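Biologist: Could you walk me through how to read domains, interfaces and helix packing in a model like this? I'd like the general idea each time, then the case at hand.

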2 protein chains.
Amino acid sequence: MIVCKFGGTSMANARQFEKVKAIVTTNPARRIVVVSAPGKRFSNDQKVTDLLIDAFYEFPKENAATVVIERFLSIQQDLDLPVELVDFATSELWTRLESSEGDLNSRLDAVKAFGEEFSARFFAAYLSSQGISARFADPQDIGLLMTEPSERAQLLEDSYKELRKLKDTTEILVVPGFYGYTQSGKLRTFERGGSDITGSILAAAVDAELYENFTDVDFVYAANPNIIDRPEQIELITYREMRELSYAGFTVIHDEALMPVYRKQIPVEIKNTNNPSAPGTKIVAHRLLTDRPVTGLTADEGFSILYVSKYLMNRELGFGRKLLQIIEEEGISYEHTPSGLDDISVIIRSHYLTPKKEQRIVNRVLQELGAEVAYFKHGLSMIVLVGEGMRNSTGLAARATLAISQTGANIEMINQGSSEVSLVFGVLEKDKEKIVRALYDAFFQRVKLRA
Amino acid sequence: MIVCKFGGTSMANARQFEKVKAIVTTNPARRIVVVSAPGKRFSNDQKVTDLLIDAFYEFPKENAATVVIERFLSIQQDLDLPVELVDFATSELWTRLESSEGDLNSRLDAVKAFGEEFSARFFAAYLSSQGISARFADPQDIGLLMTEPSERAQLLEDSYKELRKLKDTTEILVVPGFYGYTQSGKLRTFERGGSDITGSILAAAVDAELYENFTDVDFVYAANPNIIDRPEQIELITYREMRELSYAGFTVIHDEALMPVYRKQIPVEIKNTNNPSAPGTKIVAHRLLTDRPVTGLTADEGFSILYVSKYLMNRELGFGRKLLQIIEEEGISYEHTPSGLDDISVIIRSHYLTPKKEQRIVNRVLQELGAEVAYFKHGLSMIVLVGEGMRNSTGLAARATLAISQTGANIEMINQGSSEVSLVFGVLEKDKEKIVRALYDAFFQRVKLRA
């Protein structure tokens with residue numbers, strides 16, 4: 001069985017519904033279809049989910065709510081679906097908007113989930129109208145259970161047992177993504193990952209042979225197309241590589257959403273609803289190594305470095321741990337901690353920091369840890385080379401550092417650990433783009449020219 | 001004022017006493033002289049301190065004790081010192097060996113310190129016999145106070161006030177290194193650093209213009225002479241560089257011993273008693289950068305790596321800190337923690353590990369931290385390039401990694417942090433020597449050829 005998920009642009013209008021129908025019916029293994037709420041039809045368009053949030057918060061609610069209903073109305077009309085569907089949607093939307101049951105989060109969740117629910121209801125109706133054996137599968141009915149608190153809702157692990165029964169479906173099940181229900185019957189949306197995570201959960205539950213994630217891109221690029229002109233496509237990538245590339249928000253699929261399929265090592269395909277014959281990008285647990293050690297590269301800005309130094313630091317049992325504790329007590333995650341004998345640096349995303357937090361951290365490091373030097377430096381970029389083949393590739397670090405040095409830029413930090421699939425460079429933000437270009441040339445263009 | 005310290009080989013016999021006298025009297029600023037116990041006169045010789053430890057533990061004690069007295073007797077005879085000195089030494093040694101006062105550590109300390117004390121007494125007597133204004137300065141009399149417990153004794157910080165008075169001495173004070181007294185009058189030896197630390201403390205106490213550390217080498221080498229044939233000498237080095245070079249036991253002066261002078265930023269000179277006109281190696285707080293970015297390189301074997309991986313690790317606040325806590329709870333210091341997004345490695349000196357400890361750590365990491373992968377790998381070498389000029393040297397990492405890759409060796413780990421004076425490579429032990437040679441060629445030979 002294949003579980004396939006279609007994102008917002010794939011469900012944006014009747015024309016897209018037709019494409020999705022064509023994709024779903026091409027392969028009889030596609031029996032679980034997870035859908036998002038209708039997304040943008042053109043670049044300045046509004047997503048249905050954003051309209052729903054507007055409707056929830058705004059007074060009068062008519063404007064946004066009317067636009068939502070218009071979107072569904074045009075799908076109903078273009079596809080000749082029963083008009084009762086639109087009446088049902090309208091009354092349901094207003095019931096949710098005017099409800100005073102539950103706390104604010106619960107009511108917002110119910111409104112937000114409306115988009116996915118009716119996207120699925122309309123698409124199931126469309127498939128049926130075309131003589132295809134299909135039905136809307138309510139998350140509550142199939143047993144997609146969520147944790148009770150109205151914040152940071154997550155799947156209840158117990159759900160898997162019940163969801164596994166979907167394995168036996170003979171008809172196509174159209175499941176709305178993004179939400180489920182608590183055991184007491186309250187609707188809850190996933191905090192992150194939206195419909196991606198619903199698809200991933202269902203794929204894991206039924207031990208799908210494949211989880212297809214249909215979006216509006218043909219593949220995952222090997223580098224940021226805003227910096228590199230027409231970068232290469234990645235056809236095959238491992239979970240670990242995909243995850244490392246997400247360092248800089250690189251990925252087209254939310255990495256937390258991948259967790260359920262990752263655990264079961266179910267392959268994932270990123271495909272384009274608008275160009276389904278393109279091979280797409282396949283994410284797998286393991287792959288054969290090619291002669292190209294680097295699969296992709298990514299870069300992000302907005303990093304700071306906390307530099308700490310103390311004579312004989314490395315003789316002190318627990319120094320590094322205490323330093324990380326101080327940072328943790330400020331609620332701050334860190335990225336890397338390169339260290340010498342008497343100094344240690346902590347790389348932190350700058351958005352975690354405020355002048356007050358920095359001052360508190362510096363003071364504590366000086367006073368409690370007896371450091372001689374402690375200060376923050378800002379404006380760093382992290383550039384990450386990713387590839388399963390890197391760890392066996394002699395001379396890779398030389399090739400990368402040579403490419404960087406030829407740009408005239410200085411390397412502020414290098415972080416490479418044993419058995420890893422990544423090599424991280426810290427550089428000044430101003431040097432980021434030229435280094436990305438230099439590294440891309442070193443690891444991709446050169447191969448191209450040879451071929 | 002200059003504080004000068006003479007090591008064991010400098011005090012090994014009458015001939016060496018003469019050399020030390022010549023050095024001390026050459027410069028009237030040398031008014032505090034710290035001495036070690038007589039050391040080896042030839043490579044198979046025994047150090048007096050080792051003989052004293054033998055005498056303490058062995059029965060009968062006569063053999064070793066007699067050899068100790070013989071050593072002092074020959075100095076007395078060769079230098080025509082009063083014979084009463086030897087009588088005094090003999091009776092004092094036996095008093096200490098036969099004492100039953102205090103615990104084992106205290107009694108051992110008293111016996112061990114005998115070598116330094118009588119080295120100083122004999123040398124002071126020798127200077128006086130030559131008409132030089134000099135006297136033996138007992139650590140108790142000058143106020144070199146130690147902590148009370150008989151283990152891990154350290155200087156009492158309060159000592160500095162009293163020791164500062166030595167500033168005003170007009171005669172040469174000969175101070176035995178290696179020990180002091182508690183406030184209740186018990187003799188305590190320094191846990192580490194021996195006479196080096198006494199000299200460093202006194203230099204700091206009197207705000208010496210210079211701390212001279214006389215040994216039996218002309219200078220500190222830029223690399224290990226057992227691997228590199230006649231490596232270059234280092235004439236000027238900063239404290240930080242010296243400290244980083246000590247990563248692999250490289251240094252000729254114990255790095256903890258440098259702490260007191262480091263704090264006061266007093267320059268240190270490493271010189272050779274047997275060749276005092278050689279310029280030696282000067283350790284300073286700051287130096288002008290030359291066109292050579294790398295000051296020295298050092299390498300050590302016997303490292304292990306703990307590799308830990310978990311999907312979405314870097315989203316977990318506190319993961320790294322908890323990992324270090326587990327390692328700390330086994331009493332283990334770590335060296336570096338290179339990390340990717342979903343994996344972190346901890347570099348540990350292998351001597352800290354036992355199969356049981358490794359198993360406990362791996363189990364806890366898997367169970368308590370929910371890691372997917374955790375294992376140890378052994379047999380790593382760390383190779384460290386050290387230089388104040390490195391952080392401003394574009395292309396340095398490229399030069400180093402290129403040199404390594406040309407040996408065909410793989411780099412297991414790279415660790416470079418911002419503002420540091422070192423660049424650390426983890427490699428397999430079997431590759432250590434060829435990489436040291438390649439790096440030495442890249443950073444030293446090339447410069448030589450150009451010149």
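Predicted model: local features only at pLDDT ≥ 70, side-chain atom pairs only at ≥ 80, totals over all residues.

Biologist: Let's start inside one chain. Into which domains is chain A divided?

Modeller: Begin with the bounds, then look at the spacing and the contact. Chain A splits into domain 1, residues 2-284, and domain 2, residues 296-450. Taken over C-alpha atoms, the centres of these two domains of chain A are 36 Å apart.

Biologist: And how many residues of domain 1 of chain A are in contact with domain 2 of chain A?

Modeller: On the domain 1 side of chain A there are 15, and they touch 25 residues of domain 2. Together the two domains of chain A bury about 1700 Å², with carbon and sulfur atoms giving 61% of that area. To see who contributes, look at A:I227, A:R240 and A:Y247: they supply 40% of what domain 1 of chain A buries against domain 2, more than any other three residues.

Biologist: Now the chain interface. What area do chain A and chain B bury between them?

Modeller: Chains A and B bury about 5800 Å² between them, and 48% of it is on carbon and sulfur atoms. Each side can be counted too, with 67 residues from chain A and 67 residues from chain B. For chain A, the trio A:R243, A:Y311 and A:L341 supplies 14% of the area buried against chain B, more than any other three residues.

Biologist: Parallel or antiparallel: how do α3(A) and α5(A) run?

Modeller: Check the angle once more. Helix α3 (residues 62-78) and helix α5 (residues 104-129) of chain A have axes that come within 11 Å and cross at roughly 10°, which means α3(A) is roughly parallel to α5(A). Here A:V68, A:I69, A:F72, A:I75 and A:Q76 of α3(A) meet A:F114, A:G115, A:F118, A:S119 and A:F122 of α5(A). That α3(A)–α5(A) contact has seven nonpolar, three polar and no charged residues.

Definitions and conventions: Residues numbered from 1 in each chain as written. Chains lettered and ligands numbered in written order. Heavy atoms only, no water. Domains from an automatic or database assignment. Contact = heavy atoms within 4.5 Å. Buried area = accessible area lost by both parts, 1.4 Å probe. Axes fitted to C-alpha atoms, helices over the stretch in contact; angles between N-to-C directions. Helix = DSSP H or I, 4+ residues; strand = E, 2+ residues; numbered from the N terminus. Parallel < 35°, antiparallel > 145°, perpendicular 65-115°, else oblique. Nonpolar A, V, L, I, M, F, W, Y, C, P; charged D, E, K, R; others polar.
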